Amino acid sequence: MFGQGLLKGLAITWKELFTRKVTVQYPEEKVPLPERYHGRFELDVDKCIACGLCANACPNKVIQITKEKVGKKQYLTKYVMRIEYCLFCGLCVESCNKDALKFSHVINMNQFFRDKVRLVLVDRPAPEALPEEEPAEAAAERPAGARAKTAKAEVAAGKAPGEEG
Amino acid sequence: MKTQTYVLNMGPQHPSTHGVFRIILELDGEVVVKATSVPGYLHRGIEKLAEARTYTQVIPYTDRMDYLASMLMNWGYVAAVEKLMGVEVPERAEYIRVIVGELSRIASHLVAVGTYSVDIGGFTGFLYCFRDRERVLDLLEMVSGSRMTFSYFRIGGVADDLPPEFFPPLQKFLKDLPSLCDEYDGLITGNEIFQARTKYVGIITPEMGINYSLSGPVLRGSGIPYDLRKVRPYGVYDRFDFEVPVGKNGDCFDRFVCRIKEIRQSARIIQQAVEGLPEGPIMAKIPKVIKPPAGEAYAEIESSKGILGCYVVSDGSPKPYRVHFRRPSFINLGYLDELLVGWKIADVIAILGSLDIVLGEVDC
Ligand code: SF4
Ligand code: SF4
């Protein structure tokens with residue numbers, strides 16, 4: 001009979017009317033993100049040895065690292081990601097041997113101005129010298145880490161220093 | 001009365017071209033007398049970009065070809081490089097590739113089925129397909145961390161193992177999938193209006209299909225059971241039991257129905273792959289800096305749109321000398337100009353939609 005197919009389709013849509021809805025009211029309700037989600041990057045400054053492997057792995061030259069030699073060690077002074085060119089492929093995270101660079105679950109990276117898009121993960125002056133004797137090293141490292149963390153927090157709040165342009 | 005033909009531009013900005021694609025239609029009243037397709041609006045030069053990247057760095061760019069089935073695009077490329085290097089991919093990696101690849105195929109076919117329904121004028125079918133595609137994307141997101149551009153394959157294996165939380169939703173999805181396909185069949189395939197619009201429209205004869213080197217559901221819709229997974233199995237496809245659905249008439253309807261049937265078959269393959277998933281490493285022993293010996297290799301896989309070929313030339317340096325992709329959407333589109341002639345303007349949309357092109361792949 002002509003029209004049977006139409007009726008069958010109608011029956012399916014009627015049935016759907018009584019099933020649980022699959023959408024959520026987005027800004028209020030959020031679907032949990034999976035463990036491996038590729039969100040914004042975060043850098044554990046204490047672990048990073050400024051080796052530059054991540055920058056080399058990147059297909060789009062997103063990562064710019066500036067380091068200075070302090071004493072015998074390389075000291076990371078700047079870690080800037082030109083995130084507007086990032087493909088979120090994860091090759092950089094994969095290449096990091098020190099587990100310093102990671103993806104976070106932050107998905108909101110929108111900015112109103114282009115110069116704010118750039119993600120500055122570390123921006124700090126190099127110290128005169130790294131006090132290398134005794135366990136004081138760890139103590140000296142901490143303020144630097146803390147400072148970077150505030151820098152990170154600033155980025156999160158959307159008022160990152162955008163001098164890179 | 002003297003009449004004359006007129007020229008109508010369809011696209012480049014037109015929702016039914018599924019991207020930025022232009023067809024210059026010369027019409028006699030409502031009937032197409034000449035069609036000229038103009039691709040190229042989405043050209044990004046991926047093949048050229050690849051020459052300035054290392055072998056691994058090319059992988060994210062392949063995602064951007066057929067972004068609806070990125071896993072399969074990854075696969076085509078890594079298969080060629082592996083062939084060039086003579087790498088043996090570990091079993092577990094091969095099985096994982098089959099699982100994620102077939103999931104990607106399902107996602108791609110769901111888009112094809114859903115958007116075809118919209119093209120013909122049925123918006124409801126579209127929503128049902130996208131509702132279920134979301135579940136596939138969630139699964140793939142768990143595995144790779146991304147929803148569309150996965151970059152999950154690596155030369156010699158895959159980036160990461162399947163997470164344990166991946167399996168329960170996968171099993172549930174596979175269990176639901178046959179009834180979901182029944183829903184699409186009930187909503188779209190069985191609909192008389194849909195059938196009236198698509199049956200005996202845009203017929204591709206088997207000879208023409210072969211002559212124009214068509215592949216994928218577009219060729220199989222014409223009744224030729226040519227599926228690389230069956231006729232020339234790569235990876236571990238020879239271990240799975242599945243059928244290659246074919247059409248009879250080679251019209252838009254058959255091409256459409258083939259895709260739904262393929263979704264069912266993909267589900268069967270995934271089920272078998274999950275059951276047979278062996279333990280072991282997921283990456284072959286690959287040097288940190290990939291430098292294939294000078295030479296060339298060509299590998300083909302069956303993507304959701306057809307045969308994806310990748311040709312890689314190496315000069316022994318860490319960067320490919322030349323990469324070329326045989327993109328099935330592009331080749332399938334080659335027959336469009338001839339196919340459209342003689343059909344009404346409304347059928348143009350039906351025919352173009354049934355070829356299931358994706359412009360990221362056409363223009364590369
Ligand atoms: S995710 Fe990819 S594109 Fe982005 S910084 Fe890392 S390597 Fe570069
Ligand atoms: S983030 Fe990792 S790879 Fe990048 S410089 Fe630091 S230690 Fe090296």
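Visitor: Which residues come nearest to ligand 2?

Guide: Of the 13 residues around ligand 2, those that come nearest are A:Cys48, A:Cys51, A:Gly52, A:Cys54 and A:Cys96. Please bear in mind that this is a predicted model. A shell may also be read by residue class: around ligand 2 there are eleven nonpolar residues, one polar and one charged.

Visitor: How many helices and strands does chain A have?

Guide: Chain A has four helices and five strands. Along the sequence they follow the pattern α-β-α-β-β-α-β-β-α. Two further figures describe the chain. Of its 165 residues, 34% are buried. Among contacts in chain A between residues at least 6 apart in sequence, 72% join residues at least 24 apart.

Visitor: Let us turn to chain B. In what order do the strands of its open sheet stand?

Guide: The order is β1-β4-β5 in chain B, with antiparallel pairing. The strands β1 (6-10) and β5 (31-38) of chain B each have a single partner strand and stand at the edges, so each has one side without a neighbour in the sheet. From one strand to the next, the twist averages 25 degrees.

Visitor: How many bridges join each pair of strands?

Guide: Five bridges link β1(B) with β4 (residues 22-28) of chain B, and seven link β4(B) with β5(B). Both pairings are antiparallel. On the β5(B) side, B:Leu25 stands opposite B:Ala35.

Visitor: Where does a positive phi occur in the hairpin of β4(B) and β5(B)?

Guide: The positive phi, near 70 degrees, belongs to B:Gly29. This hairpin has two residues between its strands.

Visitor: Which strands does helix α14 of chain B touch?

Guide: Helix α14 (residues 345-355) packs on the sheet and touches β1, β4 and β5 of chain B. Its direction makes about 150 degrees with that of β4(B).

Visitor: How many residues of α14(B) are buried?

Guide: As a general idea, an α-helix has 3.6 residues a turn, so residues three or four places apart point the same way. In the present case, nine of the eleven residues of α14(B) are buried, so this helix is largely enclosed by the rest of the structure. The buried residues include B:Asp347, B:Val348, B:Ile349 and B:Leu355. After α14(B) comes B:Asp356, with a positive phi near 50 degrees.

Visitor: Is B:Val81 buried or exposed?

Guide: B:Val81 counts as buried because its relative accessibility is 0%. This residue lies in helix α3 (residues 70-85) of chain B. Leaving aside residues up to four places away in sequence, B:Val81 touches B:Tyr55, B:Ile155 and B:Val312. The C-alpha atoms of B:Val81 and B:Met71, which are ten residues apart along the chain, are separated by 16 Å.

Visitor: What does the UniProt annotation cover in chain B?

Guide: The unreviewed UniProt entry carries the annotation "domain: NADH-quinone oxidoreductase subunit D" over residues 119-363 of chain B. Over that stretch the chain is 49% helix and 10% strand. The end C-alpha atoms of residues 119-363 are 22 Å apart.

Methods: Residues numbered from 1 in each chain as written. Chains lettered and ligands numbered in written order. Predicted model: local features only at pLDDT ≥ 70, side-chain atom pairs only at ≥ 80, totals over all residues. Heavy atoms only, no water. Pairing = 2+ DSSP bridges. Axes fitted to C-alpha atoms, helices over the stretch in contact; angles between N-to-C directions. Contact = heavy atoms within 4.5 Å. UniProt positions renumbered as here; feature names shortened; annotations may be inferred. Near = heavy atom within 4 Å. Nonpolar A, V, L, I, M, F, W, Y, C, P; charged D, E, K, R; others polar. Buried < 20%, exposed > 50% of the residue type's maximum accessible area, 1.4 Å probe, protein only.
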